[in-house]
Amino acid sequence: DLATAPAPCTLTPCGTNIWFDDRAGKFVRINGRTNEAVNEEWTSDRTKFGHDFYNHPERLTAPNVRVGDKFERTSWSDAYAKIQAAFEGGQGGLLVQPSLSNESLFLGQRLFREGFGSAHIDHRGRNIQPHGARIASTVGVSPVQSGIADLESATAILIVGTSLADEQPMSYLRARKAATRFGVPVIVATAHSTETEHFARVAMHYKEGTVDALVAGLIGEMTPADAANKTGIRAEDLEAAKALLGAGTIVLTTHSLLGESAAAAENLARWAKGAGAKFNCWGLHANSQGALNLGVLPDTLPGGAAAANAGLDTLAMLQAAADGKIKSLFLVGFDPFEEVADRDLVTRALENVEFLVVMHALPTEAMGYASLVLPMALPAEQDGTYTSAEGRVQRMKQILPPPGEAKAAWKVFAELMLRVQPGAPYFNPAEVMAAIGNAVPAYADAAYGHLEGEGVLVRL
């Protein structure tokens, strides 16, 4: 009595392929689905056991507006009218969770830029340091140069500043396979112990705050002795690591390193470019790479071009809201209490902003400050595509009905856009993907008719 449907996992950035089982419109279980380019037949624990939120008893099911200190049910039409009045004029900001679909991310930034006249758009929380797109402009290389399966054929794998098992579980399994089955030397450098050390040829723990010196020692900009003095790593370990690196090495880190030091990431990318190695700085969420590619940033347009008029990033947006300089905020799947380390800043921002929209599938702490609450459909309750950390676009076909009046974020953005700028509507997400392909030519091959099988790699 189970119905089984193919899907990509949206809980990790790897694009793991799964079988999604449901019964009578309710989620039941997840099993691994074979995709040789990504996860072979494996899943991570987070993928296997982390989807219970679909059946959460407190799912939001209808729009609600604040009246005094209580919420009252309202219509979508009334909610749209209130949003239009609050956000037109360029004084509003948009913060989105980078696990939304490509279609939702693209239409969200378009609504704010073209409809509301605001470039205050972001998807980043804790790792607000300059993002991977700037590596392309400052170093002249893409921040995504290889894929998960490529780890098996590397001459060496250098992992810096990330716990792969936590942040890139499928990459962790591939690196382990590369080391144990094919003898690929793995070098890992982190501030704390990680599972990767169990199969690493060289494992190094640097003192917190010294990753710049660690990288300088690895790439030859600092002597091993000097790097050892600064980082607490043995000089002989640095020497052993350097001896293993060269042409054919895959450098693997994540946006967590950007939170430590954007300069360290840029120096690794610069070294890889000169050494004939491949550099990767991968995202942490199911669609972090899609958010970068599609311009969900205050200073970058879809496709990576610099915006003529840059807006505020997440932290600057919250500070402006706290100071009364931003009048309205739209949070879509994004709870700043979870995503931003400075709770005091978040509290002041949400207390002082005049109009706060919270669109989410479940109750959040930020909801307590909301002027308007909107129910959001989850990934398996809509059609949509996702760009994994390695740049692989895969499609999720709708499996479950959304509860009550919950809507997909792309549809909310599209319906708001019609009110702000009347024109031809988008009838389905396939049409939105066609618009993405027109705006970002690298996505043209990721049209819905091309996404069967292993998906389509998109590299900007």
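In this predicted model, helix 13 and helix 15 lie oblique to each other. Their axes come within 7 Å and cross at roughly 50 degrees. Helix 13 spans residues 314-322, and helix 15 spans residues 343-352. The crossing of helix 13 past helix 15 is left-handed. On the helix 13 side, the contact involves Leu315, Leu318, Gln319, Ala321 and Ala322. These residues meet Leu345, Val346, Arg348, Ala349 and Asn352 of helix 15. Seven residues of this contact are nonpolar, two are polar and one is charged.

Helix 3 (residues 102-115) packs against helix 16 (residues 409-420) at an angle of about 25 degrees. The axes of helix 3 and helix 16 are 8 Å apart. An angle under 35 degrees counts as roughly parallel, and helix 3 and helix 16 are therefore roughly parallel to each other. Helix 3 passes helix 16 in a left-handed crossing. Helix 3 contributes Glu103, Ser104, Leu107, Gly108, Arg110, Leu111, Glu114 and Gly115 to the contact. Helix 16 contributes Ala409, Trp410, Phe413, Ala414, Leu416, Met417 and Val420. By class, nine residues of the contact between helix 3 and helix 16 are nonpolar, three are polar and three are charged.

Helix 7 (residues 211-219) is largely enclosed by the rest of the structure, because eight of its nine residues are buried. The buried residues of helix 7 are Val211, Ala213, Leu214, Val215, Ala216, Gly217, Leu218 and Ile219.

Most residues other than glycine have a negative phi. Ala24 has a positive phi, near 55 degrees. Ala24 sits in the loop between strand 2 (17-23) and strand 3 (26-32). The residue is exposed, with a relative accessible area of 80%. Glu40 is not a glycine either, yet its phi is positive, at about 50 degrees. Glu40 belongs to the loop between strand 3 and helix 1 (45-49).

Gly183 occupies the loop between helix 6 (169-182) and strand 9 (186-190). Gly183 is partly exposed, and its relative accessible area is 41%. Leaving aside residues up to four places away in sequence, Gly183 touches Ala178 and Arg201. Ala225 is 42 residues from Gly183 along the chain, and the C-alpha atoms of the two are separated by 29 Å.

Cysteine pairing was then considered. A disulfide is a covalent bond between the sulfur atoms of two cysteines. With a cut-off of 2.5 Å between sulfur atoms, the count comes to zero disulfides. For Cys9, the closest cysteine sulfur is that of Cys14, at 8.1 Å, which is too far for a bond. Cys281 is likewise in no disulfide. The nearest cysteine sulfur to Cys281 is that of Cys14, 14 Å away. Cys9 is buried, with a relative accessible area of 4%. Cys281 is also buried, with a relative accessible area of 1%.

Note on methods. Residues are numbered from 1 along each chain as its sequence is written. This is a predicted model: local features need pLDDT of at least 70, side-chain atom pairs count only at pLDDT 80 or more; totals for chains, interfaces and linings use all residues. Side-chain values use heavy atoms; hydrogens and water are left out. Buried means under 20% relative accessible area, exposed over 50%, partly exposed in between (1.4 Å probe, protein chains only). Axes are lines fitted to C-alpha atoms, for helices over the stretch in contact, and angles run from 0 to 180 degrees between N-to-C directions. Helices (H or I, at least four residues) and strands (E, at least two) are DSSP runs, numbered from the N terminus. Angles under 35 degrees count as roughly parallel, over 145 as roughly antiparallel, 65 to 115 as roughly perpendicular and the rest as oblique. A crossing is left-handed if the near helix is turned anticlockwise from the far one by less than a right angle, and right-handed if clockwise. Contact means heavy atoms within 4.5 Å. Ala, Val, Leu, Ile, Met, Phe, Trp, Tyr, Cys and Pro count as nonpolar, Asp, Glu, Lys and Arg as charged, and the others, Gly among them, as polar.
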